[in-house]
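Open the model in your viewer and keep the selection tool handy. We will take one stop at a time, and at each one you will hear what to select and what is there.

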Amino acid sequence: MRTILNVLWLVLAGFWLAVGYVVAGVVCCILIITIPFGIASFRIAAYALWPFGRSIVRKPTAGALSLIGNIIWIVAVGWWLALGHLVTGALLCLTIIGIPFGVANIKMIPVSLTPLGHEIVPSGDRTAGRPASGPGGLA
């Protein structure tokens, strides 16, 4: 089911979302100081291509620089992106067929607001985002 949803998502919305995030990433990589934002945009673009079966988790190693970067991101572009995902998600949820795509759009709001300090992992990965502890990395 995930594959079917991802293929439909890719054809209907994911490709264009990913192109937008890639263009933003290229623009951000022009200046040295905005390269972290460009890398975050590329990560979001990869997530926008194939969102079903993956989720976003907070990195425990994210520190003060991620916080400062996220504040700058929210003020500059994050709230526009989040608003766009919210409106698109709400409109998609008006139809029964569009509900999974609306949920996927709404699921992208946290990473579009605060991309620094997050990582995208498979949905079933419970150890993602946590440092390894003990022998063999078992928690």
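**Stop 1: helix α2**

Start by selecting the buried residues of α2: Phe37, Gly38, Ala40, Ser41, Ile44, Ala45, Tyr47 and Ala48. Buried here means under 20% relative accessible area, with exposed over 50% and partly exposed in between, using a 1.4 Å probe and protein chains only. Helices (H or I, at least four residues) and strands (E, at least two) are DSSP runs numbered from the N terminus.

Before going further, note that this is a predicted model, in which local features need pLDDT of at least 70 and side-chain atom pairs count only at pLDDT 80 or more, while totals for chains, interfaces and linings use all residues. Residues are numbered from 1 along each chain as its sequence is written, and side-chain values use heavy atoms, leaving out hydrogens and water.

Now show the surroundings of α2. Its buried residues pack against α1, β1 (54–58), α3, α4 (99–107), α5 (109–113) and β2 (118–122), where contact means heavy atoms within 4.5 Å. Along its length, α2 has 15 residues and spans 21 Å from first C-alpha to last, close to the 21 Å expected at 1.5 Å a residue (the expected span is 1.5 Å times one less than the number of residues).

**Stop 2: Ser112**

Next, click on Ser112 in helix α5. Ser112 counts as buried because its relative accessibility is 0%. A polar atom of its side chain lies 2.9 Å from the backbone oxygen of Ile109. Leaving aside residues up to four places away in sequence, Ser112 touches Tyr21, Ile44, Trp73, Gly78, Leu81, Ala82 and His85.

**Stop 3: the largest pocket**

Select Ala24, Cys28, Trp73, Val77 and Leu81, which lie nearest the centre of the largest pocket among its 13 lining residues. The elements giving two or more residues to this lining are α1 (2–28) and α3 (64–92), and α1 has the largest share, 6 residues. A pocket is an open set of points on a 1 Å grid over the protein atoms alone, where a 1.4 Å probe fits, with protein on both sides within 12 Å along at least five of seven lines; lining residues have an atom within 4 Å of a point.

**Stop 4: the second largest pocket**

Finish with Ile33, Thr34, Pro36, Phe37, Leu65, Ile68, Gly69, Ile72 and Leu116, which line the second largest pocket. Here α2 (35–49) and α3 each supply at least two residues, with the largest share, 4 residues, coming from α3. Phe37 takes you back to the first stop, as one of the buried residues of α2.

Conventions: A polar contact is a pair of N or O atoms within 3.5 Å; within protein, one must be able to donate a hydrogen and the other to accept it, and residues adjacent in sequence count only if both atoms are side-chain atoms.
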